[in-house]
Amino acid sequence: MTTAEILKRAKAAAPELQTVTTGQKNTALKEMADALLWHADDILSENEKDMERAKAKSPR
């Protein structure tokens, strides 16, 4: 999914999110944070690969 697609979906969801309670938002944020922590090793590993690819393409 591209950044433009993510932004388009976020904009489409905005009206619905206005009806969500603070408790529901907090629960969703906690679940997202838990997922990030659970997958942190994989995320960091893939990020390192991205950084290495970017360095390899750098004209320096």
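Here are a few exercises on the structure above, each with a worked solution.

Keep in mind that this is a predicted model, where local features need pLDDT of at least 70, side-chain atom pairs count only at pLDDT 80 or more, and totals for chains, interfaces and linings use all residues. Residues are numbered from 1 along each chain as its sequence is written, and side-chain values use heavy atoms, with hydrogens and water left out.

**Exercise 1: the overall layout**

Work out which elements the protein chain has and how spread out the chain is.

Solution. Start by listing the elements: the protein chain has three helices and zero strands, where helices (H or I, at least four residues) and strands (E, at least two) are DSSP runs numbered from the N terminus. Read from the N terminus, the order is α-α-α. Next, take the radius of gyration, which is 17 Å and well over the 10 Å from the globule rule for 60 residues, so the protein chain is more spread out than a compact globule. That radius is taken over C-alpha atoms, and the rule is 2.2 Å times the number of residues to the power 0.38. Finally, look at the box: the C-alpha atoms fill roughly 50 × 25 × 15 Å along the principal axes.

**Exercise 2: cover**

Find what share of the protein chain is buried, then sort Arg-9 and Gly-23.

Solution. First the cut-offs: buried means under 20% relative accessible area, exposed over 50%, partly exposed in between (1.4 Å probe, protein chains only). By that rule, buried residues make up 0% of the 60 residues in the protein chain. Now Arg-9, which sits in helix α1: its relative accessible area is 55%, so Arg-9 is exposed. Gly-23 belongs to helix α2 (residues 22-38), and with 42% Gly-23 counts as partly exposed.

**Exercise 3: a closer look at α1**

Describe the length, bend and cover of helix α1.

Solution. Begin with length: α1 (residues 3-17) has 15 residues and reaches 20 Å from its first C-alpha to its last, close to the 21 Å expected at 1.5 Å a residue. The expected span is 1.5 Å times one less than the number of residues. Then check the bend: α1 has a kink of about 25° at Lys-11, shortly before the proline Pro-15. A bend is the angle between axes fitted to the seven residues ending at a residue and the seven starting there.
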